[in-house]
Amino acid sequence: MSSTPTFRRLPRAVREQQMLDAAVKVFSRRGYHGASMDEIADDAGISKPMVYAYLGTKEELFVACLHREGNRMTQAVTSAVATDLSADERLWRSLRAFLGFVGAHRDGWAVLYRQARGEQPFAGEIAAMRRRIVEVVTELLDHTLRAEGREAAEVELEVAAYALVGATESVADWLVDHPEADPEQTATRMMNVAWVGAAQLLAGTSWRPPIRRGEAPS
């Protein structure tokens, strides 16, 4: 009898997703440098040459994982927001979709946020994905202001968007370490923190540093 392993034939797209699922799990545990193609192949239940044939080198496989998880995350957020909703509900739905994604794909978030950010050339991939999320939030704030007949400077909108995204990323990272936490309840808590500031911005309220004697106003 032949000792060569046999594998059930599956459509290429299905097989690739199996490989990516296994790779995300291994990369989340081991990191990029610690992960091995042997372990990924074993976890996927296929041969290592098949991983190389389908998805290329370990670097190419890692980038494929980043793209899939990043696209899933972005799609989850953008598909949850409808333009006919109020500003607070749009932000709430965005937070709920984002944290819901993280809760359901903790390994994927670990790869995106923990494993890739400090590794070149992957950090550039993550920065590009983050900019797309910031653009979505900036457009949300801008659309809401214009709907109320007001505008804000582009830099103000961008800073507000980066602040919201950065805070939500930190909460998402906390969520990964607390599997007992409910993503929707966490989104509600985040909303209570984020919306106070966002609502003030949308209402046209702004804070200014106090002017002290001898100092020029900011």
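A charge is said to sit over a ring if NZ of Lys or CZ of Arg is within 6 Å of the ring centre and within 35 degrees of the ring normal. With that in mind, look at R117, which lies over the face of Y113, 4.3 Å from the ring centre. R12 lies over the face of Y54, also at 4.3 Å from the ring centre.

A word on the ground rules. This is a predicted model, in which local features need pLDDT of at least 70 and side-chain atom pairs count only at pLDDT 80 or more, while totals for chains, interfaces and linings use all residues. Residues are numbered from 1 along each chain as its sequence is written, and side-chain values use heavy atoms, with hydrogens and water left out.

Now to the rings themselves. Rings of Phe, Tyr and Trp (its six-membered ring) pair if their centres lie within 6.5 Å; planes under 30 degrees apart count as stacked, over 60 as edge-to-face and the rest as tilted. By this rule there are seven aromatic pairs. Take F27 and Y32: their ring centres are 6.2 Å apart and their planes meet at 25°, so this pair is stacked. Both F27 and Y32 are buried (under 20% relative accessible area, with exposed over 50% and partly exposed in between, using a 1.4 Å probe and protein chains only). Ring pairs also link F27, Y32, F62 and F122 into a cluster.

For an edge-to-face case, turn to F98 and W109, at 5.6 Å centre to centre with 90° between the planes. F98 has 8% relative accessibility, so it counts as buried, and W109 is buried with a relative accessible area of 3%.
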